[in-house]
Amino acid sequence: MTDPAAQFSSKDVPSALMRQTLLDRERVRPQTPQPVSRLLPWLNVVTIGGRSIMDRGRDAILPLVDELRDALTTHRMLIATGAGIRARHVFGVALDLGLPTGVLASLASVEAEQNGHMIAALLAEQGVSYLAHTSVGHQLAGHLAASPAAVSNGFPPYELFEFPPAVGKIPPHRTDTGAFLIADAYGAARTIYVKDVDGIHTCDPATAAQGDAELISRVEARELIAMNLPTLPIDRLVPELMGNAKHVKEIQIVNGLVRGNITKALHGEHVGTIVYAE
Amino acid sequence: MADQEDAGALQSLLMSRSLTDLELLEASATAPDYAILPDASVVKIGGQSLIDRGRAAVYPIVEQLVEAKRDHPLMIGTGAGTRARHLYALAAELGLPTGVLTDIGSAVAGQNAAILGHLMARHGVPVVGGTGFAAIALYLDQCGAAIFGGMPPYDMWQHLPTEGVIPPYRTDAGCWLVAEVYGCRSMIFVKDEDGLYTANPKTDPDAKLIESITVDELIAVDLPDLIIERPLLELMRHARHATTIQVVNGLKPGLLTRALAGEHVGTIISTA
């Protein structure tokens, strides 16, 4: 290997990565890899489904907000909201017009944001506010020092820079993926997905004949991918990304229509489907 | 009409199925593709490869860009370079996560965009970022070009790399995604080599230039080092617009101009 110092010129800032393409697998590998710190080790990231919870309205949302309100006394949370039926509508309009995936992602993200504003408003009295992406990315620590929770848009800020998906044109990075990525970046203690099903089933319990949909209580991420289930209650990207996770090696999907499930999951109890990465 | 049947089926799946539903995902592939800015080209100016070299490399590139924007609306993205490498090395040493590295690396691409912006100001070329993209059509129409920092806005939501903490999607991916989402006519990466080589020509004297190659071939040969970000190849496999990119040498006069005119002057990487 060439001595980096020999190549140093006034146009370089000396560093271990100086003059590298950052693409050479051998050279980019850290010589003394440092463990990645958990920036907020006490953080709980709780994702509230758009289609599964928000679209159900008052009957589903108010009891769930009550439960979150109680949980605020013992747990610090980033609450991420999903998009739901309005995102489906805007996807329909934009797809029909031939618009690209990045535009679809920008449009749908707005819907998740509106759901976040509503959840934050319901918890405002407890000091909870809605945070835009830039605040979540830069000031979450300060907000959570002042308040037990904050609400944000579950969609990651990919928008026009969304990946073209492997199949079709629906944006692959949606609420569940966004919540997973921010949870891992902050080194969250728990990552919980609140949906309207008891967890991952062998087929969609909403459409399957009674008794056909079996609950999978615990599954390894790669095994889940290999099962290639026709539908999943979380974004397909989440189990794929879990393999590279630095911290979030376990997520839980719980039924938010059953009172007490979120609280139990926050305390580490197994009440839904746990997906883990080895 | 098959088109209308497809559209009807897609609408009904969208309102009834999970967005993870495989049938829905396949149906969404039947939607048409509308190119938003089909006449524009995206040009990426390398950070380490060009801007860090200073006047000798940058002034001639600016001249070419000014000349080229008369005929081609240009979206000019910038790379990060040596300061980003310093930041990445320091942040990794401190045990900071990929999201933090992305955020601070992004600022370096932004500095390079500002530098290029000052040099092109007298030619009426603005720097845009974030929500500024909403006015990109106006800038291209009125000024012929606009400059942006090439890092995608993933910040704390960046994907995790398989190993280490260096952000996997950086300025090559960011610039290409601009070309893809706007349906641009060409995507040109301006670097300091004649194109893609079988190895890094700066360190390996036996490295041979590859004039053209498909994305699948390039993934299959699995070169130890690459002139463009490796994850970009996987993104390109699913391109609906930006199916071809060209890597050209910005240190050689005139090559960027010729590439914008559609000539093959570097390495062309395409999906088929």
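Author: A salt bridge is a side-chain nitrogen of Lys or Arg within 4 Å of a carboxyl oxygen of Asp or Glu. The model discussed here is predicted.

Reader: What makes A:Arg69 and A:Asp66 a salt bridge?

Author: Their side chains come to 2.7 Å, N to O. The cut-off is 4 Å, so the pair qualifies. Both residues lie in helix α3 (residues 58-71) of chain A, three residues apart, about one turn of the helix.

Reader: Why is A:Arg69 called partly exposed?

Author: Its relative accessibility is 26%. Buried means under 20% and exposed over 50%, so a value in between is partly exposed. A:Asp66, at 33%, is therefore partly exposed as well.

Reader: Are A:Arg174 and A:Asp235 buried or exposed?

Author: Both A:Arg174 and A:Asp235 are buried. That word requires a relative accessible area under 20%.

Reader: How many salt bridges cross the interface of chain B and chain A?

Author: The rule finds one. A:Lys169 pairs with B:Asp33, and their closest N and O atoms are 2.9 Å apart; the limit is 4 Å, so this is a salt bridge. The two chains also have 22 residue pairs in polar contact, both residues of each pair at pLDDT 80 or more.

Reader: Which element gives the most to the side of chain B that touches chain A?

Author: Helix α4(B) does, with eight residues. By class, that side has 41 nonpolar, 18 polar and 19 charged residues.

Reader: What is the extent of the interface between chain B and chain A?

Author: The size of an interface is often given as the accessible area lost when the parts come together. Chain B and chain A bury about 6600 Å² between them, 62% of it on carbon and sulfur atoms. In chain B, the residues that lose the most area to chain A are B:Met156, B:Trp157 and B:Leu160, together 13% of what that side buries. By contact, 78 residues of chain B meet 76 residues of chain A.

Reader: Which residues touch the most other members of the largest nonpolar core?

Author: B:Met75 and B:Trp176 do, in a core of 106 residues. Helix α7 (residues 171-182) of chain B gives the most to this core, with eight residues. Apart from it lies another core, of 27 residues, among them B:Ile51, B:Ile61, B:Leu255 and B:Leu260.

Reader: What does B:Trp176 touch?

Author: Not counting residues up to four places away in sequence, its contacts include A:Pro164 in chain A, and B:Met187, B:Phe189 and B:Leu232 in chain B.

Key
Residues numbered from 1 in each chain as written. Chains lettered and ligands numbered in written order. Predicted model: local features only at pLDDT ≥ 70, side-chain atom pairs only at ≥ 80, totals over all residues. Heavy atoms only, no water. Core = buried A, V, L, I, M, F, W, Y, C linked by side-chain atoms within 4.5 Å. Buried < 20%, exposed > 50% of the residue type's maximum accessible area, 1.4 Å probe, protein only. Helix = DSSP H or I, 4+ residues; strand = E, 2+ residues; numbered from the N terminus. Contact = heavy atoms within 4.5 Å. Buried area = accessible area lost by both parts, 1.4 Å probe. Polar contact = N/O pair within 3.5 Å; in protein donor to acceptor, adjacent residues only side chain to side chain. Nonpolar A, V, L, I, M, F, W, Y, C, P; charged D, E, K, R; others polar.
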